[in-house]
Amino acid sequence: MCCLAALCLSVAEAAIAAPGADPAIPNIFTPASTPADSVYHLSLFVLEVCAAIFIVVFSLLAYSVVKFRQRASDDGREPPQIYGSNQMELAWTVIPVLIVVVLFLATARVIHAVEDARFPPNAIEVTTVGHQFWWEFQYPQEGFVTANELHVPVSDAKQPTPTHITLLSADTDHSFWVPMLAGKTDLIPNRTNSMWIDPHETGTYVGQCAQYCGVQHAKMLLRVVVESRADFDKWIAGQRAPAQVADSVARGRQIFETTACVNCHTIAGTDAKGKFGPDLTHLMSRETIAAGAALNNRADLRQWIKDPEVLKPGSLMPAMQLPEQDLDALTDYLVSLR
Amino acid sequence: MSNAESVLGPMPVSAAREGAKPFFDQVHEWIVTVDHKKLGLMYIIYGILFLVIAGLEATVMRIQLAIPHNHFVSPQVFNQLFTMHGTTMVFLVGMPILFGFANYLAPLMIGARDMAFPRLNAFSFWMSALGGIILYFSYLGGPGLYGAGSAPDVGWFAYAPLTSQAFSPGHSTDYWIIGLLVSGVGSIGTALNIVTTVLCMRCPGMTLGRMPLFAWLNLVMSAMVLIVVSPLTAAQIMLLLDRYLGAHFFDTQAGGSAVIWMHFFWIFGHPEVYVLIIPGFAVASEIIPVFSRKPIFGYSIMVAATVAIGFVSLGVWAHHMFTIGMTSYANAFFVASTMAVGVPTGIKIFNWLGTMWGGKIRLTIPMMFCIAFLFQFLIAGLTGIMLAAAPFDWQLGNSYFVVAHFHYVLIGGLVFTIFAALYYWYPKVTGRM
């Protein structure tokens, strides 16, 4: 029976660990960061123990149903009436207790390693604020704000640069979950939580809000762009630069600054200083809009301004009710914000 | 001789008189009844009615989820569906049906003429019924004057601050609160009744150590209801105060705490799972020995394991909160307590296997449901151990893994044993095989 268990486990492990780490397909069994890796190893151990217990108990159940079923040739006499056995009770109490102790110790070790980790002084600090239904990312060390796509440097084994993420919420509960980088941690109003990641490989890792937060919780997606240090520094420099100003889109800019857009959105260097919606200073540096609900291209952006309900029902952004030519001019302006 | 015959044969006369009663008199009799058997049947029928409604809600959800980017229902309606399905199954299906069986069977098993407080029994049933009606009235009354959404859409766990006026305008959340408040009063009343009946109304000679396991397990379940429904009721009142009288218990915009709601909800919510599952164990503990043709294996250990589950399950609630950023010590404590529940639960499974071992198992419908229960509950327990490992839960929590685990527990543990009980006691209740 033990050989059978071992065989099943090795097949199962091969099945879950086989595919290469594709960051676009979130998978808790292809970790790319230390916290996710610790959880992965613990999960394999727990799965092995549970699979072994399953095989033993299921075999006993199947055996007793088959072996002790009433036969057609049964003489109708009662089977031996057994009321219990203290030795048996002791055995199936002590063995589970030992299993639980082992599982607890293994678990406590990982809890300590992930939750009580210390950070080197060069750790990147990011503050994440959950909103209905998008993510705000503040880089306090650099002094800028972006949305929905978190950029972090890859962490070298020799010189680790982990990212320490402080989690806050502006409205309801949310949860930050990028399965290949770390387990989830909630963003709760009036409470400061934190987590950390140290991605080992570059790529765009996808995740999503993992705590029901209202109507459009399902389309509160999340991207973490892991870049080489050089690319990350370049991105930082781009984000710190002032917003682009081009005369060709002055009309669109004027529309932006004279409509309700400014109440919710910020564009650095303009009068738009709203904080309710995402910062648009470098809008076109992002791959998606509406927290991953649509691609960030001209057509989707125009549709988003015209009527967000089409792309993301329940979004808190109102339809702007602009005339068609104003809509075009405004879209031109936004597309210029690189 | 003729006298004797008439004495021996009153049944047909009485039956004829019964049948002759006008329809409204019969209905009236059921409405004003304080008889534990009638109330038990009403609980069960009420629960089956809502089982159909909650099943339809689940069906619509599964149609929506059948293909990606489906537009069968809107996000708003989907959120209402999972809220109503969860709330209905726990409060209007699970609890009423298990109270129904306890009401019908516990007095018969311990040799009592009726429940200890027949009028409280009727009152409790009608409070539960009213709670269900209030919850479903939200489809009509929910929009209120605001024109907001109809049925509640805050999840069955109703996390703050999504339930505050700012995020849930209209009355739908109020119907959720008041519906559960009212049915909670009914649950507490019936639980009190079962505890009193089992402790005080046993016939002479029926000591606690000789009591059928069914009565024992329902005693433990009822004691747990008394302990755990009260915090939920208190939290519902606090939430109403928040919404209408400007209190700030859970209103985070005014400095309240969302985490306090989680604690209140799960100190109810987790033991509630055991409240639902222990009567399932009770049914299995009656049926498995009968169709194995052997007495239950380890009676006193079964009782001890159930009482242990009852106590330990009161200290595990924050395993629903592993992701809220508790300290490593708090997380470790709840890992230990949660895994510890696995031990008495495992003992129970082994004792049922011990009952079947060496027996002559008759594979009748109730027995097959019980075997399916053992299989599903094994998976439920093992996935529970996986979720109890806090770091693994950081990945699995709030995903479909949890939904699957929970449904293994409650479909395998509760619904299958309810089906087993319906088949097993149907002849007893109706007089027809």
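This is a predicted model: local features need pLDDT of at least 70, side-chain atom pairs count only at pLDDT 80 or more; totals for chains, interfaces and linings use all residues.
The size of an interface is often given as the accessible area lost when the parts come together. Here, chain A and chain B bury about 6,300 Å² between them, and 70% of that area lies on carbon and sulfur atoms. In chain A, the residues that lose the most area to chain B are A:Phe68, A:Trp92 and A:Tyr212, which together account for 12% of what that side buries. Chain A brings 71 residues to the contact, and chain B brings 73 residues. Charged pairs also span the interface of chain A and chain B, where two salt bridges are found. A salt bridge joins A:Asp74 to B:Lys360, with the closest N and O atoms 2.9 Å apart.

Attention now turns to the second largest pocket, which holds about 550 Å³ of space. Four elements of chain A each give two or more residues to its lining: helix H6 (261–264), strand E11 (288–289), helix H7 (298–306) and helix H9 (324–335). The largest share, three residues, comes from H7(A). In total, 32 residues line the second largest pocket, and those nearest its centre are A:His265, A:Gly277, A:Pro278, A:Trp304 and A:Met317. By class, the lining comprises 22 nonpolar, seven polar and three charged residues.

The position of the second largest pocket follows from the domains that line it. Because domain 1 (1–67 + 85–227) and domain 2 (247–335) of chain A both give residues to the lining, the pocket lies between them.

Conventions
Residues are numbered from 1 along each chain as its sequence is written. Chains are lettered from A and ligands numbered from 1 in the order in which they are written. Side-chain values use heavy atoms; hydrogens and water are left out. On a 1 Å grid over the protein atoms alone, a cavity is a set of points where a 1.4 Å probe fits but cannot get out, and a pocket is an open set with protein on both sides within 12 Å along at least five of seven lines; lining residues have an atom within 4 Å of a point. Grid points are joined across faces, edges and corners, and a volume is the space filled by probe spheres set on the points. Ala, Val, Leu, Ile, Met, Phe, Trp, Tyr, Cys and Pro count as nonpolar, Asp, Glu, Lys and Arg as charged, and the others, Gly among them, as polar. Domain bounds come from an automatic or database domain assignment. Contact means heavy atoms within 4.5 Å. Buried area is the accessible area (1.4 Å probe) that two parts lose on being put together, summed over both. A salt bridge is a side-chain nitrogen of Lys or Arg within 4 Å of a carboxyl oxygen of Asp or Glu.
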